[in-house]
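Have the model open while you read.

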Amino acid sequence: MSANSLLEARAIDAFYGASHVLRGVDFRVGRGETVSLLGRNGMGKTTLLRTLMGLVPARGGEIRFDGDDIKGRRPSAVARAGVGFVPEGRGIFPNLSVEENLIFAEREGPGGRRDWTREAIYQLFPRLLERRANWGNQLSGGEQQMLTIGRALMSNPTLLMVDEATEGLAPMVREDIWRTLRLIAERGVAIVVVDKNLDDLKKLCRRHVILVKGEVVFDGPTGELAARDDFVRSQLGL
Amino acid sequence: MSLILVQILNGLQYGLLLFLAASGLTLVFGILGVINLAHGSFYMIGAYMALTLTSYTGDIFLALAAGIPLAFLIGMAIEWLFVRHLYKRDHLQQVLLTFALILVFNEAQQSIWGNYPKSIPMPSYLSSSISLTPELGYSVYRLALMAICVGLALLMMFVIQKTRVGRLIRAAESNPEMVEALGFDSRVLFRVVFAAGAALAAAAGMLAAPVESAYPGIGERVLIISFVVVVIGGIGSIRGAFLGSLLIGLADAFGKVFVPKFSSVLIYALMALVLVLRPNGLFGRS
């Protein structure tokens, strides 16, 4: 594992029942780096995030986070090591208020960092402050997404994994989410993001990984992604 | 008029006891995803613990103070030994194992306490009646029992609504995977929830013991009605369990007096009506 690596997964295999979803995947994220994970539906992007998080068991290979072997650890241990997770479908707690959703995840990050407090989250998403007493299920889709990102930040992670955060949102709300992710990245949090909006991903991320049928077919910087436009578009079905 | 008042009180008393028993069942089902057929056994264990502990302490409330922590520990042990292996298994396996636990608990009960019903003495200071109307007296113990049940129900609601543990329970009820992904070890939470459910059911059994005595099969009777409460209230909903318990308590009490031939059918008819109007129960989520 190189000194600058925050997360390094090597030769990861994962299965859903008998279905072999990830096939020898290598995946690396540097400290403070922003990486996009691209691919058509069903290619293994969400499974890779869930495997890194410990929600899907990894078979074979190794996963190291901040120098520690985290393969086989419980998701709670991975989260406590400094990984924040924004799942597909948001996963807010509908029977907790906005404030309770945030308090729920409130924790010091690795090294005792407390960069993200409730006040900081409310500054980032003023809409959540207005809705702080509302139940999770009373929020709009955009507000729920803001809450999910804010909640993940409350644990002061060094790596934030974001799965389809802008899916199904209005263009203006989507732009808000992208702007916020760029702000979070500027504050030094490494980000892995799965999304379908290639142009926005190019603005946010310095490196891009394309998965096809559970295998990495491309791993390179934004310049290389742009240079191989035909290949990229054919792999993504654009 | 007096008859109606008595039946209201009887119905509330039965409903409140049922709530203590059913709240654990609904939490275990809603959060852990386990159909625990052995839940009624904790009620039975409570009733027999009341018998034994009262014989040592001489007072049902001292027995209760010792019995609730004891039942909590028994619940933790059962979760650790058996139930935790069921979380990722299908309902059939859950039903098979927890049914086996019923058989084990029943055998143990018969070996330790025998086959005959045992009465548990009421505390002498609560054995009298008070006059509610000139022609109507009502047992002081039953009123105290209701007050304790209300106290425990309020305590449970306070814990669930206002404390960190309560937030965890509510969050786990809606999305246990996300609770884990936010850094909370769900194994600990699940063990505490299961043990708390066992302790509440045992508390109900202990409190009811001086009124209805301890007898073989008492757990199964409570289990079936508790499942009806869970279905009426909605799986995982404490509010639903509370309302469902009171509805069943009142329906049972009035049914026995006004439609005795159909009283045993009445609560199931009530359940069917709720299912027709609200298929997920009164407070259940689809």
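Q: What makes the crossing of α10(B) and α11(B) right-handed?
A: A crossing is right-handed if the near helix is turned clockwise from the far one by less than a right angle, and left-handed if anticlockwise. α10(B) passes α11(B) in the right-handed way. Helices here are DSSP runs of H or I with at least four residues, strands are E runs of at least two, and both are numbered from the N terminus. Keep in mind that this is a predicted model, where local features need pLDDT of at least 70, side-chain atom pairs count only at pLDDT 80 or more, and totals for chains, interfaces and linings use all residues. Residues are numbered from 1 along each chain as its sequence is written, while chains are lettered from A and ligands numbered from 1 in the order in which they are written.

Q: Why is α10(B) called roughly antiparallel to α11(B)?
A: The axes of α10 (residues 238–258) and α11 (residues 263–277) of chain B cross at roughly 150° and come within 8 Å. Angles under 35 degrees count as roughly parallel, over 145 as roughly antiparallel, 65 to 115 as roughly perpendicular and the rest as oblique. The axes are lines fitted to C-alpha atoms, for helices over the stretch in contact, and angles run from 0 to 180 degrees between N-to-C directions. So α10(B) is roughly antiparallel to α11(B).

Q: Which residues of α10(B) and α11(B) make the contact?
A: Among them are B:Leu247, B:Ile248 and B:Ala251 of α10(B), and B:Leu266 and B:Ile267 of α11(B). Being in contact takes C-beta atoms, placed from the backbone, within 7 Å.

Q: How do you know that α5(B) and α6(B) are roughly perpendicular?
A: Helix α5 (residues 140–162) and helix α6 (residues 164–174) of chain B pack at about 80°, with axes 5 Å apart. By the angle ranges above, α5(B) and α6(B) are therefore roughly perpendicular to each other. On the α5(B) side, B:Val159, B:Ile160, B:Gln161 and B:Lys162 meet B:Val165, B:Gly166, B:Ile169 and B:Arg170 of α6(B).

Q: What makes A:Arg151 buried?
A: A residue is buried with 20 or more other C-beta atoms within 10 Å of its own, exposed with 12 or fewer, and partly exposed in between; the C-beta atoms are placed from the backbone. A:Arg151 has 29 such neighbours, so it counts as buried. A:Arg151 sits in helix α6 (residues 141–153) of chain A and touches A:Asn101, A:Leu102, A:Phe104 and A:Ala105, leaving out residues up to four places away in sequence.

Q: Why do A:Asp66 and A:Lys213 count as partly exposed?
A: A:Asp66 has 18 C-beta neighbours inside 10 Å, so it lands in between. A:Lys213 has 14, so it does too. A:Asp66 is in the loop between β5 (62–65) and β6 (68–69) of chain A, with a positive phi near 55°. A:Lys213 is in the loop between β10 (207–212) and β11 (215–221) of chain A, with a positive phi near 45°.

Conventions:
Two residues are in contact if their C-beta atoms, placed from the backbone, lie within 7 Å.
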